[in-house]
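Subject: Structure handover

Hello,

Here is the structure for your files. My notes on what turned up follow below it.

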Amino acid sequence: MPSIDQIDVVSQLMSLPEPKRRAAIIISYLRTGVKNDDDLKQLIKFGLGLNPLDSHICKDHHNPFTAISDLFFERNDRMFLWANRSGGKSCIFGLSMFLDSVFKSDCQTRLFGGVKEQADGCRDEMLKIINDARMFDYFCKTSSKGKVKFNNGSNVFINSASPRQARGPHPQK
């Protein structure tokens, strides 16, 4: 059973305007860490204001949250996502890049899209999450078409999937 202090903190958070409430929740998770799937769902739902998409559409398929969670907790060393057009792939990768870049200091991510527009779409989804929380200055140093630099040393590089673009340093993600 929650203590009176915990109930008071929750009621104070709920009385804040939505952007400030989201920021407070995100900062709280930055301090305490995201330890498990339940923490991650709460962060996505209440901190980012997004649906964690944890229900199945097709009986034998994984839900989108499983992909997000597996990417964040690094349960697999590679992942293949297959979905129809407008199936949410850009949103999933944008959310994944946000989570890795913000919650893992010095994380280096290189995103390749089949065409540059696909990679740009993932970057745009990531920046939308940050801007919706009204925390760009808190998280980011700079943002350009090819790179997003974070205050904690993380970077996201945006590329098209071409041999020339794949040369060079190979970051963790």
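Arg 22 touches Phe 46, Gly 47, Leu 48, Gly 49 and Asp 132, leaving aside residues up to four places away in sequence. Contact here means heavy atoms within 4.5 Å. Arg 22 sits in helix α2 (residues 18–32). Leu 48 is 26 residues away from Arg 22 in sequence, yet their C-alpha atoms are 6.2 Å apart in space. Arg 22 counts as buried because its relative accessible area is 12%. The cut-offs: buried is under 20% relative accessible area, exposed is over 50%, and partly exposed lies in between (1.4 Å probe, protein chains only).

Some ground rules. This is a predicted model, so local features need pLDDT of at least 70, side-chain atom pairs count only at pLDDT 80 or more, and totals for chains, interfaces and linings use all residues. Residues are numbered from 1 along each chain as its sequence is written, and side-chain values use heavy atoms, with hydrogens and water left out. Helices (H or I, at least four residues) and strands (E, at least two) are DSSP runs, numbered from the N terminus.

Next, the aromatics. Rings of Phe, Tyr and Trp (its six-membered ring) pair if their centres lie within 6.5 Å; planes under 30 degrees apart are stacked, over 60 edge-to-face, and the rest tilted. By this rule there are four aromatic pairs. One of them is Phe 72 with Phe 73, edge-to-face, at 5.0 Å centre to centre and 80° between the planes. Phe 72 counts as buried because its relative accessibility is 8%. Phe 73, at 24%, counts as partly exposed. Phe 98 and Phe 139 also pair edge-to-face, at 5.7 Å and 85°. That pair links distant parts of the chain: Phe 98 is in helix α5 (residues 89–103), Phe 139 in helix α7 (residues 136–139), 41 residues apart. Both Phe 98 and Phe 139 are buried. Phe 72, Phe 73 and Phe 103 form one aromatic cluster.

Two charges sit over rings. The test is NZ of Lys or CZ of Arg within 6 Å of the ring centre and within 35 degrees of the ring normal. Lys 104 lies over the face of Phe 72, at 4.7 Å from the ring centre.

Last, the strands. β2 (residues 140–143) and β3 (residues 147–150) pair antiparallel over three bridges; pairing requires at least two DSSP bridges. Ser 143 stands opposite Val 148 in β3. The two strands, β2 and β3, form a hairpin with three residues between them.

Best wishes
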